[in-house]
Amino acid sequence: MNLMLTGLNKISQDFLGRSTAATRRILVCAGTGCLVNGSLKVYEGFVQALKNSGLNAIVELKKEEEGVFVSRTGCQGFCQIGPLVTILPEGIFYTKVKPADVAEIVETTVKKGDVVERLLYVEPDTQKVCRTKDEIPFYQKQHRFVLSNCGTIDPEDINEYIASGGYKQAMKAYLEMNPEELCELIFASGLRGRGGGGFPTGRKWDVARRETNVKKYVICNGDEGDPGAFMDMGIMEGNPHSVIEGMTIAARAIEADEGFIYVRAEYPLAVKRLRKAIDDAYRVGLLGKNLFGSEDSFNLTIMEGAGAFVCGEETALIASIEGKRGMPSPKPPFPSISGLWGKPTIINNVETLSQIPLILTVGADGYRKRGTKDSPGTKTFALTGHVANSGLIEMPFGATLREIIYGVAGGMTSDTGKAVSDGFKAVQIGGPSGGCLTRDHLDLPIDFDSLKTVGAMVGSGGLVVMNKSTCMVSVARFFMQFTQHESCGKCVLCREGTKQMLALLDDIIEGRATMETLDLLEDLAAAVQKGSLCGLGKTAPNPVLSTMKHFHDEYVAHVRDKHCPTGKCKALMRLTIDEDLCKGCTLCAVKCPVGAISGEKGKPHHIDNNICRKCYICVEACKFKAIKGD
Amino acid sequence: METIRKFERVCEIIDHNQRNAARLIPILQAVQAEYRYLPEEILTFVATSLGISPARVFGVATFYSLFTLKPKGKYLIRVCNGTACHVKGSMGLYGAIVKKLGLRDGEDSTPDMLFTVETVNCLGACGLSPAMVVNDEVYGQLTPQRVSDIVDEIVLKEAQNESDAHGA
Amino acid sequence: MNGTVIFIDNKEIPIENEQNLLELIRKAGVDLPTFCYHSELSIYGACRLCMVQVEGMGLVPACSTPPTPEMKVSTNTEEIRKMRKIIVELLLANHSQNCPTCQKNTTCQLQALAKRFGITKVRFKNQLREMPPDESSPSLVRDPNKCVLCGDCVRICSEVQSVGAIDFAYRGAQTVVIPSFGKALDQVECVNCGQCARICPTGALTPKSEVDEVWKDIHNPSKVVVAQVAPAVRVAIGEMFGLPSGTTTTGQIAAALRAIGFDKIYDTSFTADLTVLEESGEFIKRVTTGDRIPQFTSCCPAWVKFVEQYYPEFVNHLSSCRSPQQMFGALAKEMLSSELNVKPEDIVVVSIMPCTAKKFEAKRPEFERDGVRDVDHVLTTQEFGRMIEEAGLHFKELGPESFHMPFGFKTGAGVIFGNSGGVSEAVLRYVSEKLTGQKHESYEFTSVRGENGIREAKLSVAGNEFTLAVVSGLGNARRALDRIRSGEAHYDFVEVMACPGGCVGGAGQPVFSDPLVRRQRTKGLYENDRMLELHKSQDNPYIAELYGTVLGEVGSHKAHELLHTSYRTRKRILDEDVSISSGDEKSLDISVCFGTSCFLKGSQKLLHDILGHIRSKGLNARVNVNASFCFEKCDKGPTIKVGSRTIEGCTIEKAIEAIKREGVALAEEVRQNV
């Protein structure tokens, strides 16, 4: 029975044994963000520089040997200061490392153990120099649980995952627990689906478990389509085996023998790493037949999406795996009862599944130590917008927006990126499905239920922080345009409704709206929200409804006064020519396609705003920057 | 000979996927990787081989945004318009490329089929917004000037390849 | 669940076998609006019109919500009212606004809902992107500007008919229902059954009208316009004039045709009787020699096209008999010319049919002699109804009149042709007497009647055991054919009608969605049979006379000339060859068929070998190689074409030999031209 344990232990001990002789380890972040910034060149630079200075560069830990172990890791979240390099054992953390810096790091840090000061992170507010990751507020103020291994292990090395305790929980699930116990444990942990809805995972599993069908499926939903959210990408790239282990446990819990990971095709690196992870798991015997010596088998296939946000909706995702158009179907029947090919199927999101091994490790009570009573655990967020620090973060449920914005994110910035003390206007949480939160919600503990009460939702976990120069009508329009473009076109309310909502928002932004437009928009939004077939349609009006609720005055200003308070809506701007700056060169008058500009040569010109079409050709043409809008 | 190789590859792709209609999407992905688009007659062939109606194949091919029924330029530029990039002015980048390439309304490819420009929802490179990807290479923290330079670099590289080829 | 109740608008309703709330709500007498729910199709849930309030659940779509005991449902709240209005307004804002000129004017469900919900103004901007209607098909018109994307047509075409000629394409607001690659309907595998048009709630799919052409001929004094009326028309047209479904109106039809200006009025049931004799004759011959058994009926043109394009190996199992419509056309042109002393080209044959595929059938190239079509125009029941309206006739009040002789005389056997099972029964009435040589008193063979899409009957006639299958709906036909092909099923005779329930449920009939309507029409035809004096085709005295004077005997040479036809295999999709390799300007064309049948017989390997041969001989510049999708020689695949030669059952050796021979010929031709 314990053959498998010996097997796992052996892999683990071998790995650890081999690593002891390495004097140092260099971790180069190879998440999508750092790769874009050229971290691959940095990695190659290290291998070369080590050789150049006579050191043995170990890129793969095959045997016990002296030298420096160089690895590529998954995303560490703080992409804006990448490429990131960590030198172990000290944990010295270098930022914005260029290939040109590599030789110096090898000489100074790897050889001598000293730091290269200029590459350390400096806290903008306090000018504090941070030697290690833990000293940086961005990391200090997070609670990295699911992401704890992201950035510290080599995601392409199954041995390292096993050495860090990986697949032990899967083995426990197959050898020491029965399906019912597993479902009970997950239910007791209070884990809720991280894909958006927050449905209790244990209950979902238990429904599928109770089905007597012989054939069942487990699907991992990695179709992270929210524009601006990349948490699942971070996990799939940084710790792919945690997802596979979670799926293996889920398969045991419902007695499924086949699984699919559905990944967005826009994430080529995640696909590559998952493929490698699956191949490795098969090779070691952690996927396939007779898992851990049991009678059970579990086979896993990757399916790449083909560009459809709606496939994040579970019935659409199933249709897509079946080779059809990704159009959702009515529920009931729920997939747990009748899913892929009409068989019981559970679909869990990447982040949900990667928590499963952790829950088995710490137990239900241990898990509940994080987060709130009804939303235990942590949540990852993709933090962007007008804040000093953006990136991939993880917080326990119950944390407030204030903690995130003024703690982790380091406060607000202006449009040009300068720190501002009183710049906060709103946060859009949950992407196109979510809603808008304001200053009044800064101290609201964030969890599944609290957000619903204020018309928002955890959704995908996108967190866009906006400063005071942001036009909320335009924000609503941006998300509306997104959902309208991504509507599958099946149900009338979503297909036609989002199209008309977008048209009404355009009317508002372009000065054609009346106060009735607002009423109609609200009625239509309510109908789309209540009546659409799937989650995409039902949540599509959230950005509009929440901005209408919290920033009603801003809408009224657009509609009644034909004025955009932030000056962002071009069509509502009034252009004027600064008489002091205008030299009377006539260029603007010549270029104006509608003849709205008049004036004598050599004297200041004027714009008739009743004729002006706001094409901004004059603004571009003026060499003296004399034409301004407000 | 190129077309022969491609067609034999299509047959291989279909065989590799066990002629299983459920594998339609992976099949189309592989076919597109081969042709860089989905030619109509190949789709009809795929439908025939899988025993499903061509209308269904057409329906799937037009549903997903990564499938294209029109040939694309040698360089496919996809400007990210995810939230983070949008906030940081991605549509300005898009406009700059369109202007630089002299594309007219409704056009997405240059007449010489060197470039095709599109937008994409999110590349997951939000920390480096605004971003774009040219074929497989991602560029981050872009400005209109920088994208214009990138286009110039490609044009120059192509011109050099051309003259090298003639020189040889 | 039985024995429990739910509450609909506070009314207690027992749950019987209903699968969803919508059925229960309808049972409660509330006409819940919907576009996309049909009991015969899968649940789609797209129109959102059937949303109801359920206590504890909020708003749910009634179509996909199963009832649970004690559920409290409200169908008419303020919220629901508002939502329905918005839905209809949204659809109208994306819809063509030319209601008065639409084929579906007054029968359109969108129009009806707009009226019902009191919509007097659409608050949204019209955002319709105008697209040209597709009028390529002889049977149907597809107007995307009137489509509400309920998907009924898509589902009936694939789920019920297993054809899938149209499907959704594109996404979101760009979504359309369209044939593959946006091709015209006559270029794809559409079999013209028109079930899509029958189920379409708006004017997006409609039978193609030939009314104007018919009026033109009627008003042309040099033309003699002859009508033939199909059996199923007489039990359905009354619906358009307020009569209950299934009411027989044969006499009124004759009166209306006369009033409209038709010169002669005949009954397709007469040629149905004739079909019975010819088809039975063929059957007895084939079954006794074991030749191409099972024999398939050939009355239904949609079924015939279906076999031609999907089951080439079964094409020669189709009875060679023309359909009654085409037998009538051929006979009319042959006989009436001398009888009425008019030139054949001045005789205009107009069929009144329950069917859209008959329009396609009439235009098949086989059915024309010396440039004169056997049938000139085909009107659907609906179109005929519209002519009656246009002529200002009060159909209900018309005094019954009779048909002209001889082609107006029929037996009950010819009338039940309109029902699924009717052809089989009529054949049995003939075969049972023919084989026993005895007259029988009884004439009904109820074992072939019924509602199931595939029915089997075993009969013993004069010591012979016959197994019959009666099939309606092409999806059922596909299942039956697959079972025959695999050897799971053995039949001697298979009757297929493309429309569920047979011609009574044809797409040319007055629009209906309740299956009860079809049931009543079926009943109407059987009653018709009982009311008639004669019930067996062989008893029709005019048929006997026809054989005596013109045809000779059953299956004679003359009968073959006028009453039989041949079929062909056909491509499903036109113009879709894949160019594999192209040589210089003057090179040899080689095409390898990759149609399903050839593909299964090894065309892929053959192509590979041919390409290998070409490469090894260095012939690249001198040949063009194509993969084609059907040479319509499917029974003898793999088929290739080298130059102008078609080679069936091709092997690599045969191919090389042909390439050599044709290559030499081509080289010679080039040399001479130089």
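Modeller: Let's start with β10 (residues 224-229) of chain C, which is joined to β13 (residues 347-353) of chain C by 6 bridges, the two strands running parallel. Keep in mind that this is a predicted model.

Now zoom out a bit. β10 and β13 belong to an open sheet of 4 strands in chain C, and the order across it is β11-β10-β13-β16, with parallel pairing. The edges are taken by β11 (264-267) and β16 (377-380) of chain C; each has a single partner strand, so one side of each has no neighbour in the sheet. Going from one strand to the next, the twist averages 25°. As background, strands in a sheet pair through backbone hydrogen bonds, and they can do so parallel or antiparallel.

What packs on the sheet? Helix α6 (residues 211-218) of chain C does, touching β10, β13 and β16 of chain C, and its direction makes about 120° with that of β16(C). Then there's helix α10 (residues 324-340) of chain C, which lies across β10, β11, β13 and β16 of chain C and runs at about 150° to β13(C).

Helix α8 (residues 268-289) and helix α17 (residues 541-551) of chain C have axes that come within 10 Å and cross at roughly 70°. That angle is why α8(C) counts as roughly perpendicular to α17(C). The crossing of these two helices, α8(C) and α17(C), is right-handed. On the α8(C) side, the contact is made by F270(C), D273(C), L274(C), L277(C) and E278(C). From α17(C) come Y542(C), I543(C), L546(C), Y547(C) and L551(C). Sort the residues of that contact between α8(C) and α17(C) by type and you get 8 nonpolar, no polar and 2 charged.

Conventions
Residues numbered from 1 in each chain as written. Chains lettered and ligands numbered in written order. Predicted model: local features only at pLDDT ≥ 70, side-chain atom pairs only at ≥ 80, totals over all residues. Heavy atoms only, no water. Pairing = 2+ DSSP bridges. Axes fitted to C-alpha atoms, helices over the stretch in contact; angles between N-to-C directions. Contact = heavy atoms within 4.5 Å. Parallel < 35°, antiparallel > 145°, perpendicular 65-115°, else oblique. Left-handed = near helix turned anticlockwise from the far one by under 90°. Nonpolar A, V, L, I, M, F, W, Y, C, P; charged D, E, K, R; others polar.
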